[in-house]
Amino acid sequence: MDNWVYGLFGGVLIGLSATLLLWSIGRIAGISGIVNGLGTAPRSDRPWRMAFLLGLMAAGGLALFFLPYAPTRVQTGSTPLLLLAGLLVGFGTRMGGGCTSGHGVCGLGRLSWRSLAAVLTFMAAAVATVYIVRHLIGAPT
Amino acid sequence: MNSTVLAALVSGALFGLGLAISGMTGRHVILGFLDLFGDFNPQLAYVLAGAVVVTAISFRIVLRLPRPALTAGFQLPAATAVDRRLLLGAAIFGIGWGLIGFCPGPALAGLAGGLPDAMIFVPAMLAGSYCHHLLGRRAKIDEE
């Protein structure tokens, strides 16, 4: 699906979500951080994390059953590559303290230099990876 | 259900809807954006632009308030240093992201939406995060 109207609209919804979370309970809408805190944050700090993730998965998952342009329910990636990529994403986002939402949407919104450095780094690493995999190795992903 | 949990639930739902509507759960849309020297797809740029324009304006306003509407204070990341850990972590994340085109939010929404790729990816992502947690604990013990 590539349509700039849906892209901008969805992006604005994501921005409003981050705004609501900061305004209401003073927290940053960084998905990796919210997930990681489920296991390590004080008990009293866990219910809002559960609720946020439940809302994200319920609304996002449900929408994928109704949107005409949702990705098809067919496995398209190789299992070993999906597992390797998952391990790297989980390890890297915890080490770097954020992902596309925490450093990207929220960090850039806060004009944080640290987040800008993270975004430029993961973008560059991802572009280089796609270049190597698709154009040097020629593997389909 | 108390009000902080309800606010988080609604916020999460908005986030999930945004991810689905913008097409970000399609990992090939993401790979297309990252494929600068091939079949480039600008979609992610529109999404990020839409989101950051909103947060850049709204966060300025919200953070001028004495405190959040429902809790005692804002809890913002304390770290400001651009250090090795940040850059190495971001680079490792970027390699994983570029390999398959999933980052944490879209992968979780995709899992709930029944995408088989996400069902394989998410458990590995949680395992990767836990690995770092264990390493971090060991490092702390070594320091002591």
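I call a residue buried if its relative accessible area is under 20%, exposed if it is over 50% and partly exposed in between, with a 1.4 Å probe and protein chains only. The model is predicted, so I note that local features need pLDDT of at least 70 and side-chain atom pairs count only at pLDDT 80 or more, while totals for chains, interfaces and linings use all residues. Residues are numbered from 1 along each chain as written, chains are lettered from A in the order in which they are written, and side-chain values use heavy atoms, without hydrogens and water.

Entry on cysteines. Cys99(A) is buried, with a relative accessible area of 2%, and Cys106(A) is buried at 0%. I found zero disulfides over all chains, a disulfide being a pair of cysteine sulfur atoms within 2.5 Å. The cysteine sulfur closest to that of Cys99(A) is in Cys103(B), 6.2 Å away, which is too far for a bond.

Entry on helices. H6(A), residues 113-137, packs against H2(B) at an angle of about 95°, with the axes 8 Å apart; the two are therefore roughly perpendicular, a term for angles of 65 to 115 degrees. Helices here are DSSP runs (H or I, at least four residues) numbered from the N terminus.

Entry on a serine. Ser22(B) sits in the loop between helix H1 (3-21) and helix H2 (27-34) of chain B, and Ser22(B) is buried at 0%. The side chain of Ser22(B) reaches the backbone oxygen of Gly18(B) at 2.7 Å.

Definitions and conventions: A polar contact is a pair of N or O atoms within 3.5 Å; within protein, one must be able to donate a hydrogen and the other to accept it, and residues adjacent in sequence count only if both atoms are side-chain atoms. Axes are lines fitted to C-alpha atoms, for helices over the stretch in contact, and angles run from 0 to 180 degrees between N-to-C directions. Angles under 35 degrees count as roughly parallel, over 145 as roughly antiparallel, 65 to 115 as roughly perpendicular and the rest as oblique.
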